[in-house]
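Hello,

Here is the structure I promised to pass on.

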Amino acid sequence: MLARRFDEWWLDGIELETLDPEVRWIVNAANLVSGARFAFERDVAGDYTTGLALTRGTGIRLSTAVAASAAVPGAFAPVVVRGLDFPCPSWDPVLMDGGTYDNTGLQAFDRPRYRDVFIVSLNAGGLLRPGSYGKVPIIRDLARANSLLYRQSTALRTSSVVDEFRRGAAAVDPLPEGARRGVLAALSTVVPDTGSEPAREWRARFPERREHDGVDLSLVPTVFDRLDERLCRALVHRGWWLAGACLATYHPDRLGDFSEWSAPAM
């Protein structure tokens, strides 16, 4: 039902195999059967335990992948994937929100073939907040435990990637094993004012906007309801600004000349 709604609202029945081949599209879910990250891509779908199945001729839709990735525990039932020919089948994959396994989505780029790929990662996940998660004991405790699992998986992945970025910043080409280059930010990130010329120019041309209606954007909750268009635009602007600010601060050569750029509309 969720996949059908996604098709009605946005995706128009697009099949995975019809996606642009010039882009590597990855929609992540978590496989409750194998306990691994399950990825939907243009040409294949699967994980490292069940193997990869070809999508060509299967009719599997992008909306199915998005519904699996959005199947938050307790809110939506897991998505069961049928009709794909996996090399090592046991049971049909039973999929839920990919963030329960890796909320950053960066595991897809752990392979050596991506060692020289520059990564720009923006984490829009929520914060582990103090205080009550509700008044009903079982629901309250499950909600807080779920938030703690998100926090733990994200912290471990983020720490690992940041260590790789630090080793990459100190290395020369070719990059050694365990070194990467890139930037990583979250909605709550405070980008340090290094005083470098590109960083000053970025802040002067594009002032930072952390809040919407007096509330820090990192505190906006994940909801399954229509968001105000102004809030959506503020979140898009925040992500865009963070990417540029991080590049201007740490890798200005990657950012290039932005004197003619325009910020996303607010």
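Helices (H or I, at least four residues) and strands (E, at least two) are DSSP runs, numbered from the N terminus. This is a predicted model, in which local features need pLDDT of at least 70 and side-chain atom pairs count only at pLDDT 80 or more, while totals for chains, interfaces and linings use all residues. Residues are numbered from 1 along each chain as its sequence is written, and side-chain values use heavy atoms, with hydrogens and water left out.

Let me start with Glu15, which sits in the loop between α1 and β1 (27-31). Its relative accessible area is 28%, so Glu15 is partly exposed (buried is under 20%, exposed over 50%, partly exposed in between, with a 1.4 Å probe and protein chains only). Not counting residues up to four places away in sequence, Glu15 touches Gly59, Ile60, Arg61 and Leu62, where contact means heavy atoms within 4.5 Å. From Glu15 to Thr64 there are 49 residues in sequence, and 9.3 Å in space from C-alpha to C-alpha.

Leu62 and Thr64 come back in the helix packing, on the α2 side of its contact with α1. The axes of α1 (residues 2-11) and α2 (residues 62-69) come within 8 Å and cross at roughly 120°; axes are lines fitted to C-alpha atoms, for helices over the stretch in contact, and angles run from 0 to 180 degrees between N-to-C directions. That angle makes α1 oblique to α2 (under 35 degrees is roughly parallel, over 145 roughly antiparallel, 65 to 115 roughly perpendicular, and the rest oblique). From α1, the contact uses Leu2, Ala3, Phe6, Asp7 and Leu11, and from α2 Leu62, Ser63, Thr64, Val66 and Ala67.

Two buried residues are also worth a look. His237, in helix α5 (residues 229-250), counts as buried at 3% relative accessibility. Beyond residues up to four places away in sequence, His237 touches Pro207, Arg209, Ala263, Pro264 and Met266. Ser121 lies in strand β7 (residues 119-123) and is buried too, with a relative accessible area of 9%. Leaving aside neighbours within four places in sequence, Ser121 is in contact with Leu106, Val183, Leu184 and Ala185.

Finally, the aromatics: how many aromatic pairs does a search of the whole structure find? It finds 13, where rings of Phe, Tyr and Trp (its six-membered ring) pair if their centres lie within 6.5 Å. Ring pairs link Trp202, Phe206, Trp240, Phe258 and Trp261 into a cluster.

Best wishes

Conventions:
Rings of Phe, Tyr and Trp (its six-membered ring) pair if their centres lie within 6.5 Å; planes under 30 degrees apart count as stacked, over 60 as edge-to-face and the rest as tilted.
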